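Let's go through a few labels used for this protein and ask where each one comes from.

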Amino acid sequence: MYMHVDGYPCVRVLNLSGEIGCSNPSREKVVAPIVRYKSADELLKSAAVLVSIDEFEILLSRLSKDLDFAGKVAGILVESRTEVSNGLKGFSPDGKFPQAEFAPYQSNNFTWNPPGSGIMWKAYNFPVFLLSRTSTLILQEVVMKNEKTKKSNTENVAEFNVVMQTTKSGTHDSDSCLKEETCLPLGGYSVWSALPPINISSSQKSKPVIVTMTSMDSASFFRDKSLGADSPISGLITLLAAVDALSYLDGLDELNKQLVFVVLTGESWGYLGTRRFVLEADQHSDSVRGLDFAMIETVMEIGSVGKGLSNGVKTFYSHTSGDTLATNETFQALLRAQDSLKTESIKISMASTSNPGVPPSSLMTFLRKKSQISGVVLEDFDTSFTNKFYHSHLDDLSNVNSSAIVTAASLVARTLYLLANDQNASAINAINVNASLVEELLGCLLNCKPGSSCELMKHYISPSATCPSHYVGVILGEPSSVPYPAYVSDVSRFVWNFLASKTSIFSRNITSACPNDCNGVGELCIREEADGKGICVISTTRYVPAYSTRLKYESGSWTVLPYNSSEEMSAADPVWTESNWDTISLRVYKVQNTAYDGLILLSGIVVTVLTYLLILITRAFIRKALKWD
């Protein structure tokens, strides 16, 4: 009997210099008996190794050093962990300084991520699956049966079908696989929105702009188990809750500065979203129409804030790009926002001056483009990540604290109001974050129940999946500022609709059918997916394609552009792509072991020979008997 096993595969990802991730070594499925890692020292033949997450890094390290042992490992099955805190000091497959090549400073040996092992950036020519909790129990039972029946005639095997198109075609880098169309670029759609909407037809002088940004994508060793609860989803929820709180204020048109909110995707893979966003601005494309980059005064990034709770005190750190008037004003506004929340224990501190600069963040891209820009990154850590599961499947809902996120959202909303209103705090106490909204967003974005089928998301979109995963995915079709909805992820579409709704003013066409009659200046149709009708509003909310700045889409295919010496980060751009595949599956079944098959064959040969000899002897005896008669 064949038993299909639920799990999350590690897949093949490529760049200009080679490949990372996992794949079957050839075009064929991999079939091997299942053994526990503790028994793997006794391997006499190829086997699939069942390993706990505690021993996973140790196993991979051994495989890189012991080639004889590595030759006997046909695949790896990683057990799910039910209790994250159960003795695991940390697990982060990213590096100790994630994406150091994009830092605007030279201290690339600085350790921001102490548990970082870097295993997700290596290539493995064997399949690796993370098992679901149910599958973990099943496979543990299967291994026990194999151990108890070592001398029996049968054994349980795992069949891995992780055959990548790039392996089939022999295209082992992004340039060759894009030419052969065996891969697609990593990417998706970022979203930005202005509060209040920007009147692009107005002749009035543009206001100074305050940009608040965060990211919505994470990464993991296992493609479809990239939750990123603390990093970065706690920042995303903080931004959405802050926008919601600010949207209820009266007189937003009278603010002295323009608020702009940006939610980026592709940041885990070479800051795809930020670099493309900046390039689109340089090219004055439709996706950033209405946003004048020259008017950006301050950038505030919301990083990891979900663990900002220590001994009952909500603690956050302000990492700045330099000692400028604007960054000092931002920090002072944060302190005033802190003081205004009198009923809570909150502590805002400047990050240590021993840090080489801002931590790994989207702000680094802005600084590489415009070093004098005033930028602040709000984080829940000082000199190193407090998130010991950074870019790991273990960075899940249990790894964040909802009250820390509510506090962070309150600080951000009140700080932005002070900055946009020239430190006038007249209405600051009217800005209150909806804690229930934060809880609901946590359930929608970080849990399978309710997941994307939660009422909040269904109010805006028709989700295509239930269980959330924040892997960036691949960009489909031609990039556009008005993309085909099926080519945009559930989270991006939800963020677009949510921000368009919260930052909007109602259109005069509110009773009109949309989108057909929603074509006035600045008008958008929101919630069309949810009810098939939609509502027409005035909002400056746009999609921005997120993909490598060294890629061009033309005539239905992708081309890698030559290195551009005028763009400082062009040389560091890896041009990430993901291999295509037909199907990926894992199943377990019972087979007769090869030794038993050999014995049966040998027995058959012996019986055949003996039978033949017996026939010859019998025939000779009969002939002799007949002659005697």
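A polar contact is a pair of N or O atoms within 3.5 Å; within protein, one must be able to donate a hydrogen and the other to accept it, and residues adjacent in sequence count only if both atoms are side-chain atoms. This is a predicted model, where local features need pLDDT of at least 70, side-chain atom pairs count only at pLDDT 80 or more, and totals for chains, interfaces and linings use all residues. Residues are numbered from 1 along each chain as its sequence is written, and side-chain values use heavy atoms, with hydrogens and water left out.

Q: What makes the pair K502 and D244 a polar contact?
A: Their side chains come to 2.8 Å, and the limit is 3.5 Å.

Q: Why is K502 called buried?
A: Its relative accessible area is 19%, and buried means under 20% (exposed is over 50%, partly exposed in between; 1.4 Å probe, protein chains only). So K502 counts as buried.

Q: Which residues does K502 touch, leaving aside neighbours within four places in sequence?
A: With contact meaning heavy atoms within 4.5 Å, the list is L195, V243, D244, S247, Y248 and Y460.

Q: Why is L616 called partly exposed?
A: L616 has 37% relative accessibility, which falls between the 20% and 50% marks, so partly exposed is the label.

Q: Why does H284 count as exposed?
A: Its relative accessible area is 69%, and the label needs over 50%. H284 also has a positive phi of about 50 degrees, although it is not a glycine.

Q: What about S555, buried or exposed?
A: Exposed, because its relative accessibility is 76%. Phi of S555 is positive too, near 55 degrees.
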